[in-house]
Each structure stands twice: as structure tokens, then as C-alpha cells.
Amino acid sequence: MGFPDRIERTVEIAQPPARVWTALTTAEGLAAWFGQEASIDLRPGGAGRMRWDEGLTQELTVERVEEPHVFGFTWPIYGLPADDPRRTYVEFTLEETASGTRLTVVETGFAQLPPDAHKVAFDGNTHGWRAELDELVAYLAA
């Protein structure tokens with residue numbers, strides 16, 4: 001039996017997709033809920049970076065941009081050395097609803113890891129997406 005490869009979380013946000021898109025795909029939007037500093041070159045192959053006050057910095061590569069419905073990127077796997085070439089793929093899908101936007105985030109690529117690294121990365125990112133998406137919802141509700 002293999003390890004879980006996919007983290008998925010869906011949240012309902014009482015804002016139009018355009019507003020949610022801006023929070024996901026601009027430096028200002030990302031810095032408001034997903035770290036304290038951010039930069040992003042919003043095009044396939046573009047680079048992004050997020051930094052948290054605790055000292056963690058994550059580099060990402062934009063893979064998919066279909067405004068205002070799909071945004072995807074790859075980034076290093078939590079818990080692995082900085083020079084490890086393995087990455088996971090994160091994809092945000094926005095769907096307009098009667099009350100705003102249904103946002104689904106899916107992160108895949110964990111099955112490539114050995115057991116110890118898988119547990120650290122999968123558990124860490126499962127907790128991380130829960131916390132970060134709660135921050136996104138709170139930011140957009142303010």
C-alpha cells in the first residue's frame with residue numbers, strides 16, 4: 001500500500017472570484033495571508049517567493065495561470081534539504097457560487113518520498129494548508 005499523495009481542502013469564501021484571485025496571485029495579496037513578504041512573476045515559468053517572520057522562505061515556480069479559475073505552482077518539499085530537487089505541485093481552483101467563491105487547493109507529489117520524509121512533509125503541509133486557508137478566509141472577510 002502506498003502513501004497518500006494528495007492533500008485537498010475546499011473552503012467557501014463570501015467574495016467574488018476576482019477578489020480571491022487577487023489574494024492568491026499578487027505579492028500584496030499573498031503577503032496579507034500567506035507569509036509576511038511575497039513576490040511573484042505571474043506567468044508559467046515565473047518565480048515567486050514567500051517569507052515568514054519565523055525565518056522560513058519558500059521559493060516557487062509558477063506552472064499554470066488561467067485567470068480567474070486556476071493557479072498552480074511547484075515548490076520545495078517541507079522537511080527536505082534546501083538543495084533537494086523534488087517538488088510538490090499546488091493548484092488552486094476557483095469556482096463561482098451563488099454566495100461567492102468555492103476555493104479548492106490540492107497539493108500532490110508526496111508519494112515520491114520515503115516513509116520518514118513523507119510523514120514530516122504530508123503532516124506538516126496538511127496542517128499548514130488548514131491554517132493558511134483559514135487566514136485567507138479571515139483576510140478576505142475583513
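1. The largest pocket holds about 360 Å³ of space. A pocket here is an open set of points on a 1 Å grid over the protein atoms alone, where a 1.4 Å probe fits, with protein on both sides within 12 Å along at least five of seven lines. The volume is the space filled by probe spheres set on the points.

2. This is a predicted model, in which local features need pLDDT of at least 70 and side-chain atom pairs pLDDT 80 or more, while totals for chains, interfaces and linings use all residues. Residues are numbered from 1 along each chain, and side-chain values use heavy atoms, without hydrogens and water.

3. The pocket is lined by 16 residues, where lining means having an atom within 4 Å of a point. Helix α3 (115-141) gives the most to this lining, with 8 residues. Helices (H or I, at least four residues) and strands (E, at least two) are DSSP runs.

4. The largest nonpolar core has 33 residues. Such a core is a set of buried Ala, Val, Leu, Ile, Met, Phe, Trp, Tyr and Cys residues joined through side-chain atoms within 4.5 Å; buried means under 20% relative accessible area with a 1.4 Å probe, protein chains only. Among the residues that touch the most other members are W33, F92 and W129. Again α3 gives the most, with 7 residues.

5. The whole structure has 12 aromatic pairs. F34 and W75 form a tilted one, 6.0 Å centre to centre with 45° between the planes. Both F34 and W75 are buried.

Technical notes
Buried < 20%, exposed > 50% of the residue type's maximum accessible area, 1.4 Å probe, protein only. Phe/Tyr/Trp six-rings, centres within 6.5 Å; stacked < 30°, edge-to-face > 60°.
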